[in-house]
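User: Could you pick one part of this model and go through it closely? After that, tell me what else is going on around the rest of the chain.

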Amino acid sequence: MIRTRITDLFGVKYPIIQGGMIWVSGWRLAAAVAKAGAVGLIGAGSMMPELLREHIRKIKKEDPQGAWGVNLPIFFQYAEEMVSIILEEGVKIVFTSGGSPKKYTHRLKEQGIKVAHVTATPDLAVKCEEAGVDAVVVEGFEAGGHNGRDELTTMVLVPQAVDAVKIPVIAAGGIYDGRGMAAALAMGAEGVQIGTRFAATIESSAHDHFKKAMLHASPTDTFLILRKLIPARVIKNTWFERVFEAEKQGATEEELLRIIGEKRTKIGMFDGDLEEGELQIGQAVGAIRDLPSAGALVLDIARDCENILRGGVFR
Ligand SMILES: Cc1cc2nc3c(=O)[nH]c(=O)nc-3n(C[C@H](O)[C@H](O)[C@H](O)COP(=O)(O)O)c2cc1C
């Protein structure tokens, strides 16, 4: 049993958060994680507002008391409408990311919602604390999805963020098993947010082609691109090569936007085009060799972490 301020805050058995992931974490994945005793997040960043409402209603029906919530990227064009839906539907947990934590924290907390914000430097963790969030997620640049520009790794980021704030810190980036979780807790984090490893589970809505590609990937198959726009860690493929070459040639933001084109993340992660789509994933992908259920994964990670912290060994 690992009790921290994060397990108390969210009323969960394990201080594990399944990170919100565009095209990957719908209500099925979030519900499976919540039922296993951790926090499951619906990734709102790839949904139209009414689709988010549908996902919230489905998960409410499936697991009315569970520790599930919504991840809301603040820069998303529908963020404002989504906040209204979150309030109307009585969501109890919100993880914001990609923008100022000041923007929605007060409004959400006024309604009794537990709020965490995702950030990538110790200084920004302090800003989250000042904005009044209940917890801060600090994400190292090993992570999948959008990323900080400063390239801080989880190993240096977590202890410095822990020293910089009083609120509980959740570590993210490169954590995929009990060893990583135990290391994060040893550095003072009180919870872990895991994305990549949960993308390769039965309940993840990633396309099967994408899931299969994860099973064969090595840790060097990802790269951080689009630093001029919003940095993203992706699997190297044909589309990536085009963007990478353009960046090397000094392409402007407008040129990059043209090369990226429309709906790249959907084409890759949801429709399964492994060459022409944008496949966001973290360096942890190199360790994925199976597609378990999300619930079994939570239990495995928590059990191994507990054994290590008790002085046992990792099998
Ligand atoms: C496919 C994918 C999509 C993601 N989408 C989002 C998102 O919409 N919003 C967000 O805050 N983080 C997003 N992330 C980041 C995760 O929530 C999480 O913080 C991160 O994956 C943790 O690092 P890891 O990938 O090494 O486990 C995404 C990550 C992945 C792999």
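Predicted model: local features only at pLDDT ≥ 70, side-chain atom pairs only at ≥ 80, totals over all residues.

Analyst: **Strand 11 and its surroundings**

Strand 10 (residues 222-225) and strand 11 run antiparallel, joined by four bridges. Residue numbers start from 1 along each chain as its sequence is written.

Back to the strands. T222 sits opposite I235 of strand 11. Six residues separate strand 10 from strand 11 in a hairpin, and in that turn L226 takes a positive phi of about 60°. Strand 11 also has a partner in strand 7 (residues 145-146), again antiparallel, this time through two bridges. One of the contacts there is G145, whose bridge partner in strand 11 is R233. Put together, you get an open sheet of three strands in the order 7-11-10, with antiparallel pairing. Its edges are strand 7 and strand 10, each of which pairs on one side only. As for what holds such things together, strands of a sheet pair through backbone hydrogen bonds, either parallel or antiparallel.

So which residues cover the two faces of strand 11 (residues 232-235)? A232 and V234 point to one side, R233 and I235 to the other, and all of them are buried. Buried means 20 or more other C-beta atoms within 10 Å of the residue's own, exposed means 12 or fewer, and partly exposed is in between, with C-beta atoms placed from the backbone.

One of the parallel pairs is strand 1 (residues 16-18) with strand 2 (residues 39-43), joined by two bridges. There, Q18 has G40 of strand 2 as its bridge partner.

The ligand is surrounded by 31 residues, and the closest are G19, G144, G145, G195 and G282; a residue counts as near if its C-beta atom, placed from the backbone, lies within 6 Å. Strand 3 (68-73), strand 9 (191-194) and helix 9 (196-199) each give at least two residues to this shell, and helix 9 has the largest share with three. By type, the shell has 13 nonpolar, 15 polar and three charged residues, where Ala, Val, Leu, Ile, Met, Phe, Trp, Tyr, Cys and Pro are nonpolar, Asp, Glu, Lys and Arg charged, and the others, Gly among them, polar. The ligand lies between domain 1 (5-205 + 289-309) and domain 2 (208-284), because both give residues to its shell. Those domain bounds come from an automatic or database domain assignment.

The largest nonpolar core is built from 101 residues, and V138, I170 and V192 have the most contacts inside it. Such a core is a set of buried Ala, Val, Leu, Ile, Met, Phe, Trp, Tyr and Cys residues joined through C-beta atoms within 7 Å. Helix 2 (residues 27-35) supplies the largest share, seven residues. Both domain 1 and domain 2 contribute to this core, so it lies between them.

W23, in the loop between strand 1 and helix 2, has a positive phi near 65° and is buried, with 25 other C-beta atoms within 10 Å. K263 has a positive phi too, about 55°; its place is the loop between helix 12 (253-260) and helix 13, and with 13 other C-beta atoms within 10 Å it is partly exposed. F210 belongs to helix 10 (residues 208-216) and counts as buried with 26 C-beta neighbours inside 10 Å. F210 and F270 are 60 residues apart along the chain, yet their C-alpha atoms are separated by 8.1 Å.

Notes. Pairing = 2+ DSSP bridges.
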